[in-house]
Amino acid sequence: MADLEPVVGRYLNLESGGRSYRIFYEEAGTGRPLICLHTAGADSRQFRHVLNDPEITDRFRVLAFDLPFHGRSNPPDGWWLEKYRLTTNVYLGLIRDFWRALGLERPVVMGCSMGGAIVLKVAADHQDEIAGIVGLESTAFAEGRDNDFLHHPAIHGGELAACYTYGLNGPDSPEEGCRENWWYYSQSGPGVYKGDVWYYCEDWDAREDIKRIDTDRCKVSLLTGEYDYSATPEMTRQAADSIPGCRFTVMRGIGHFPMVENYGLFRGYLLEELASMV
């Protein structure tokens, strides 16, 4: 008998910001939509454990999509004529247009790292359209991560990004999970990680925006690993302090990639926050 997972993958032809995209997404489960946003330079495979967790999929329709240029999503037409640089407006528009194209009502939006950052803006701008956000390793402002070696003709960009991020895992996270994330990062397209980092450390600043979030209308849960030295617990705490009613937890024993580096430990934290969303 075939050992089939309950995860189904599909392609969505999406219009967003005046451009046409071919977006790949995976989904599993039924119930309230839970949209999952991957980290910079990676793709939605990071959420395979969430997609295969029956305690989650019995209550949530989990959807994880690859941003354009990432994973199994195509770049838009004419991509070779411009340098890839993700912006806050493009990112925000893609997320909203994704849930609207699929007719998702009152989704919960969960993201990690740059995905954990943008969910703060999703909540600030579209809090009447969503039920809540779960921010993993979230910051309202982050700078100083870009460098020219992230896209350099003398350096293997995939291996550099994979090793550059490997150190962000918790020291006690299982090597299997850390290496899985390494593998995803190693497959990033040329300049994609650098283009994401440009958004994250140059274009991104939501310190004023998050003050508009009303947690009576849109629930907010922020979870950050204690070993994360990129989006540190203190950085997330600063964001949480600007959002009255926000739930904030430091996850012990975890680094920057909780959903893939150590899902067994992360799972308990996630289930508690998802329970608060329904």
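Of the contacts in the protein (heavy atoms within 4.5 Å) between residues at least 6 apart in sequence, 75% join residues at least 24 apart. The structure is a predicted model, in which local features need pLDDT of at least 70, side-chain atom pairs count only at pLDDT 80 or more, and totals for chains, interfaces and linings use all residues. Residues are numbered from 1 along each chain as its sequence is written, and side-chain values use heavy atoms, with hydrogens and water left out.

The protein contains ten helices and eight strands, taken as DSSP runs numbered from the N terminus (helices H or I, at least four residues; strands E, at least two). Along its principal axes, the C-alpha trace spans about 50 × 50 × 40 Å. Buried residues (under 20% relative accessible area, 1.4 Å probe, protein chains only) account for 56% of the 278 residues.

Two packed helices are described by the angle between their axes and the distance between the axes. The axes of helix α3 (residues 88-101) and helix α4 (residues 114-126) come within 10 Å and cross at roughly 70°; axes are lines fitted to C-alpha atoms over the stretch in contact, with angles running from 0 to 180 degrees between N-to-C directions. Helix α3 is therefore roughly perpendicular to α4, a term covering angles of 65 to 115 degrees. On the α3 side, the contact involves T88, Y91, L92, I95, R96 and W99. Helix α4 contributes M114, G115, I118, K121, V122, D125 and H126.

Technical notes. Angles under 35 degrees count as roughly parallel, over 145 as roughly antiparallel, 65 to 115 as roughly perpendicular and the rest as oblique. Buried means under 20% relative accessible area, exposed over 50%, partly exposed in between (1.4 Å probe, protein chains only).
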